[in-house]
Amino acid sequence: MSNETRNSVRQPGVAALLAACDAAFAADRADAMTSRNGETTPEVRE
Amino acid sequence: MIEPGTPLASVQAALDRGDHDEVLRLTDALLAERPGDDAAHELRARALLALGRVDEAEQQAADAVRLDPDEIRYRELMAQVLAARGAHRDAAVEYGRLARNDPRQRDWLLAEAGERLDAAQAGQAADAARAAVRLDPADAEAQLTLAVTLARLGDGAGAMAAAASAERLRPGDPRAAEAMADARWLQGEDGPAFTGLAELAARLRGADRERVTAKARALYRQHAGFGGRLLAAIPPLFGAALRRGWLHLA
């Protein structure tokens, strides 16, 4: 963890609540992956 | 690129049309004839992954990587397989390696950030997202990912700045609006945060609606009196009232 990141922790209680909600009701994973790796359609090399 | 009419072209065509059993049948024959065919291992791994046979997919992906360690596509496939079997930390390491070695590092950085979040490594997730933002501050997806990772760390101010950038770059995006609501809550701006979550609950469907409603309930309970807590204890009733705009924070 960088110093910048380590120094930024301020609201762990609310952050934990948010994380619990995010974990319980995850967004559509397929959409997220498409968004991350939109150019990953497999191509076959000969 | 593959030439039409070759055995691998048939495998690719089967994969493209989602006929995974056919991919397995064809690659069985192909690998019996040409055991060191890395592309056949790759396609077999993709079919196995699609069928949910993750352990076998990992073995095939590992074979492809072993046969051609420099092929970025095989490394990405391995990261996807690792993520699929819940090894988010290992997947993040793989994406991190790709980010360092590939010119499309923005994609890998964002993928690494996602896997780090799933692996409960929010600090390293934020570092990866921050590196993606440095590559292009006008990248809405990178700003959004940074906002989410900083919110996970409890950094409301940082999350708000990144969410504001994401909203500016992608007006009306519900994920950016949710990131902004999260950041406002972290900053103690509970009223605007609740209003934002209520608006999202009315717009969204499915798991996304349930998620923002759960956040709104948690926030509401922090402020509610006895009657409000009673309402919050009945999720369907709370959700309906939230979506109709009947609820406000005192």
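At roughly what angle do the axes of helix α12 and helix α15 of chain B cross? The legends below explore this and other close-ups of a predicted model.

**View 1. Helices α12 and α15 of chain B cross at roughly 100°.** Here you can follow α12 (residues 190–203) and α15 (residues 235–243) of chain B, whose axes come within 8 Å. Angles of 65 to 115 degrees count as roughly perpendicular, and α12(B) and α15(B) are therefore described that way. On the α12(B) side, look for Phe194(B), Ala198(B), Ala201(B) and Ala202(B), which meet Phe238(B), Leu242(B) and Arg243(B) of α15(B). The residues of this contact divide into six nonpolar, no polar and one charged.

**View 2. Aromatic rings form a cluster in chain B.** Over all chains, the count comes to three aromatic pairs.

**View 3. Arg244(B) meets a ring of Trp246(B).** Find the charged end of Arg244(B): it sits over the Trp246(B) ring, 5.9 Å from the centre of that ring.

**View 4. Helices α6 and α7 of chain B cross at roughly 160°.** The axes of α6 (residues 88–101) and α7 (residues 105–118) of chain B come within 8 Å. Why are they called roughly antiparallel? Angles over 145 degrees count as such, so the crossing angle makes α6(B) roughly antiparallel to α7(B). The crossing of α6(B) past α7(B) is left-handed. Residues making the contact include His88(B), Val93(B), Tyr95(B) and Leu98(B) from α6(B), along with Trp108(B), Leu109(B), Glu112(B) and Arg116(B) from α7(B). By type, the contact residues divide into nine nonpolar, three polar and five charged.

**View 5. Helices α9 and α11 of chain B cross at roughly 30°.** From α9(B), the contact is made by Glu141(B), Leu144(B), Ala147(B) and Ala151(B); from α11(B), by Arg175(B), Ala176(B), Ala179(B) and Leu186(B). These contact residues divide into six nonpolar, no polar and two charged.

Notes. Residues are numbered from 1 along each chain as its sequence is written. Chains are lettered from A and ligands numbered from 1 in the order in which they are written. This is a predicted model: local features need pLDDT of at least 70, side-chain atom pairs count only at pLDDT 80 or more; totals for chains, interfaces and linings use all residues. Side-chain values use heavy atoms; hydrogens and water are left out. Rings of Phe, Tyr and Trp (its six-membered ring) pair if their centres lie within 6.5 Å; planes under 30 degrees apart count as stacked, over 60 as edge-to-face and the rest as tilted. A charge sits over a ring if NZ of Lys or CZ of Arg is within 6 Å of the ring centre and within 35 degrees of the ring normal. Axes are lines fitted to C-alpha atoms, for helices over the stretch in contact, and angles run from 0 to 180 degrees between N-to-C directions. Helices (H or I, at least four residues) and strands (E, at least two) are DSSP runs, numbered from the N terminus. Angles under 35 degrees count as roughly parallel, over 145 as roughly antiparallel, 65 to 115 as roughly perpendicular and the rest as oblique. A crossing is left-handed if the near helix is turned anticlockwise from the far one by less than a right angle, and right-handed if clockwise. Contact means heavy atoms within 4.5 Å. Ala, Val, Leu, Ile, Met, Phe, Trp, Tyr, Cys and Pro count as nonpolar, Asp, Glu, Lys and Arg as charged, and the others, Gly among them, as polar.
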